[in-house]
Each structure stands twice: as structure tokens, then as C-alpha cells.
Amino acid sequence: MSKAPIAIIGTGIAGLSAAQALHTAGQAVQLFDKSRRCGGRTASKQIESGSFDLGAQYFTARDRRFREALQHWQEEGWAAPWSPNLYLSRAGQLEPSTDEQARWVGTPQMASIARALLGDLPVTFSCRITEAFRGEELWTLVDADGASHGPFSHVIVATPAPQASALLAAAPKLAAVAASVAMEPTWAVALGFATPLPTQVEGCFVQDDALDWLARERSKPGRNGHLDTWVLHATNSWSRQHLDLSKEAVSEQLLGAFAELIDCVVPAPEFTLAHRWLYARPAQPHEWGALADAGLGLYACGDWCLSGRVEGAWLSGQEAARRLLEHL
Ligand SMILES: Cc1cc2nc3c(=O)[nH]c(=O)nc-3n(C[C@H](O)[C@H](O)[C@H](O)COP(=O)(O)OP(=O)(O)OC[C@H]3O[C@@H](n4cnc5c(N)ncnc54)[C@H](O)[C@@H]3O)c2cc1C
Ligand SMILES: NC(=O)C1=CN([C@@H]2O[C@H](COP(=O)(O)OP(=O)(O)OC[C@H]3O[C@@H](n4cnc5c(N)ncnc54)[C@H](OP(=O)(O)O)[C@@H]3O)[C@@H](O)[C@H]2O)CC=C1
């Protein structure tokens, strides 16, 4: 009988990073995601007039291991540097805010990285796992429709912390750590204009009430949509205070804030989309790397185990895989 594969719940950057490391080490993996596609918070939205990045906007690479992976992604054409005309808006004043920081994006969209990392690995989409339980030796997963999946030799939970705690119930200590992590929400709004806005701004850190960040999609490499699309992110505190506002009202309020901030006339957008990220980022960074109960064969990873950034998610996935391989 062939060896049971390793189940990985979540196909964001953390789950895919773990999957790649295990696959490279010769282990069979089986991935699951509740969404219809991979990438999690590195999602890009495809519309008729182009695509735009709705979650992570760019990423930085500070750790040597992540920089090495990034070099490979760049060679493969999955990622490229992004050097926008960067601004800072503070107390209603918009000013250039150039810096030396190297920033990167997926090409032709942020979601391309996750798609490339997934490659041909076996995955089941539109499958929300609700339970992971261990028999005498092997694991079974149960999904929201009551279907069982398995058997698996090990389970890696690679979801945001609030969704991980229930899946870690077999290891109460791990479940308690995940349950202790608070995650902050972010409202995101995309606006598409038929005529390019007459401004130099391509990215802007905002230190005001509602907005936190805005980016011009066409300034990123490989984007060729015909609308001038902008992505606005609200601050965590504004998002928390307006968590249950309708998408229409959120779009209207953030469009208003954008029009006040930007140094040009803003016409009515051709296209508007609002998305609420309930678990956008951990309220604090941690230094766990990953969580492990090696005796049970249960592991957890995700940005919440390190920093709430793409790099943190990738490193956490590597760490979960390393700890699992160490105990084989
Ligand atoms: C608005 C926003 C802006 C951001 N901006 C940046 C940025 O500019 N730079 C940066 O570095 N980072 C940024 N981030 C953070 C970055 O996106 C995350 O740190 C990183 O993508 C997290 O990856 P992950 O794999 O840990 O989790 P996720 O990407 O959340 O992946 C988890 C996956 O698990 C799946 N899942 C959850 N529960 C279940 C279940 N029960 N069963 C099956 N599947 C399940 C989800 O569908 C998801 O695909 C941003 C995030 C947001 C939301
Ligand atoms: N919205 C979310 O839920 C969410 C947003 N995240 C954002 O992701 C980036 C990633 O952080 P990273 O450390 O990798 O990037 P930076 O070094 O570019 O930015 C870090 C923070 O530093 C400030 N900053 C950086 N450069 C400038 C600049 N040229 N001018 C002004 N300010 C700059 C900025 O912080 P403040 O706005 O000053 O508080 C950057 O945020 C980062 O933007 C996160 O906000 C990650 C996860 C979830």
C-alpha cells in the first residue's frame, strides 16, 4: 500500500510554500481550499477591462531564504520589481515620499505567484474543511457538506488564525494559541476610470482617518487593462468601525476620501468594487514560525505565526514543512 499523503488546508502563500517544500522533499501532498481558486489574500480580481490586486499590493523581501525564492520567481516571470511614484498624504497634504525600499509584485497579477506555486499539485477547491480528526494513526478531514477526505499521514492547517483554531481541536494547546491571535479587518475598494486621472501618483501611504493606502494598477509591471484602475485600502480602525456597512456605502465613502486626497478632478468611475477582508492581518507580529504537535502529526502555519506580510506567510510555510520533515 502506498504511503498516505499530507493534507494541507489553505492554498494561500503559507500553504503553497509548505506544499512546495514537501513536494521537493519527495512527499505526496493534497491541498484543500474553500475558495474557487488559490492565493488567499494575494487575490487578484479579473474583470472584462483588466485585472487588479485586491489584497496584498506588493511585498518586500528581507530574509535571505525568501530573497532566494524571489529570485527564482523573477527568473520564471512570476514576479517583478515595482517602483511606483510614491507619495505620502498627511493632514490633507500630498507630498512625494521616495525611499530606497525594493518592492515586488506578482506578474501579470499578484495572484500569478500562487498559481505558479500550485502548479500541478493535487488540490480540491470550493471545499471548506470543518474538522480534522485522527484515527489510530491516520487523519481524516470532514468538509462543510459532510464529506470525508483521507486518509492522510499528517495535516497542515494554513488558514488565518481564527479559522485555524477549530481545525486544530485535536491539539488543544495549538488551538488555544491560534484562538489567542486577533486579526484586523480591511475594506478594499477598486475604482476604474475611463480616462486616466491627470496625476503623477502611483502609490500612496495615507495617514488620515479612513484611507491607509492607494495604488494605481497600471503602474505595476505586466498590467494592460484599458481602465485606469485604483485600489484603495481603508485603515484597520476605519474598517472595524464600518464592518457592517453596505458595499455601496463603503465605496461611496472611500471614493469621497480619495477625491479629497488626490490632486486632480475625479470623475465618476466606470467601475466600482468593494471587498471586505475580515481577517486581513494579525494585530501583532509573532515569532512562532509555525505551530507543531509532532506526536500527532498536526501543524499550523500562516502569516499570523510571523509577520502579517507575504514574506511572513512564505517563511511560516517553510518552517511548518521543515518541522514535519524533521519528524518523519
Ligand atoms: C487588504 C490587504 C492588503 C495587504 N497588503 C499587503 C502588502 O502590501 N504586502 C504584504 O506583504 N502583505 C500584504 N497583505 C498580507 C498578505 O496578503 C498576507 O500576509 C498573506 O497573503 C497571508 O498568506 P497566508 O497563506 O498566511 O493566508 P491566506 O492568504 O489567508 O490563505 C489562507 C487560505 O485558507 C483558505 N481557508 C480558510 N479557511 C479554510 C477552511 N476551513 N477550509 C479550506 N480552506 C480554508 C482561504 O480560502 C485562503 O485561501 C495584505 C493583506 C490584505 C488582506
Ligand atoms: N491592509 C492590510 O490589511 C494589510 C496591509 N499590509 C501592508 O503591506 C505593506 C507591507 O509591509 P512591508 O513592511 O513589507 O512594506 P514597506 O516597508 O513598504 O512598508 C511598511 C510601512 O512603512 C511605512 N512606509 C514605508 N515606506 C514609506 C514611504 N515611502 N512613505 C511613507 N511611509 C512609508 C508605511 O507605514 P505607515 O503608513 O507609515 O504606518 C508602511 O505600511 C505595508 O504597506 C502594510 O501596511 C500588510 C498586511 C495587511
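The following exercises, each with a worked solution, concern a predicted model.

Residues are numbered from 1 along each chain as its sequence is written, and chains are lettered from A and ligands numbered from 1 in the order in which they are written. In this predicted model, local features need pLDDT of at least 70 and side-chain atom pairs count only at pLDDT 80 or more, while totals for chains, interfaces and linings use all residues.

**Exercise 1. Describe the domains and the side of domain 1 that touches domain 2.**

Step 1. The domain assignment (bounds come from an automatic or database assignment) gives domain 1 (6-44 + 114-181 + 286-326) and domain 2 (46-111 + 182-282).

Step 2. The centres of the two domains, taken over C-alpha atoms, are separated by 28 Å.

Step 3. In domain 1, 21 residues are in contact with 27 residues of domain 2; contact requires C-beta atoms, placed from the backbone, within 7 Å.

Step 4. On the domain 1 side, α3 (111-118), α4 (161-167) and α8 each give two or more residues, and α8 has the largest share, five residues. Helices (H or I, at least four residues) and strands (E, at least two) are DSSP runs, numbered from the N terminus.

**Exercise 2. Characterise the shell around ligand 1.**

Step 1. Of the 38 residues around ligand 1, Gly10, Gly12, Gly40, Arg309 and Ala313 come nearest; a residue is near a molecule if its C-beta atom, placed from the backbone, lies within 6 Å of it.

Step 2. Two or more residues come from each of α1 (13-24), β14 (183-193), β18 (271-282) and α8 (310-326).

Step 3. Domain 1 and domain 2 each contribute at least three residues to this shell.

Step 4. The shell holds 15 nonpolar, 16 polar and seven charged residues. Here Ala, Val, Leu, Ile, Met, Phe, Trp, Tyr, Cys and Pro count as nonpolar, Asp, Glu, Lys and Arg as charged, and the others, Gly among them, as polar.

**Exercise 3. Characterise the shell around ligand 2.**

Step 1. Ligand 2 is surrounded by 18 residues, with Thr60, Ser97, Thr186, Ala280 and Arg281 the closest.

Step 2. At least two residues are supplied by each of β6 (86-90), β15 (203-207), β16 (211-216) and β18.

Step 3. By class, six residues are nonpolar, seven polar and five charged.

**Exercise 4. Identify the strands that pair with β13.**

Step 1. Strand β1 (residues 6-9) pairs with β13 in the parallel sense over four bridges; pairing requires at least two DSSP bridges. Ala7 stands opposite Val155.

Step 2. Strand β20 (residues 298-300) runs parallel to β13, joined by three bridges, and Leu298 stands opposite Val155.

Definitions and conventions. Two residues are in contact if their C-beta atoms, placed from the backbone, lie within 7 Å.
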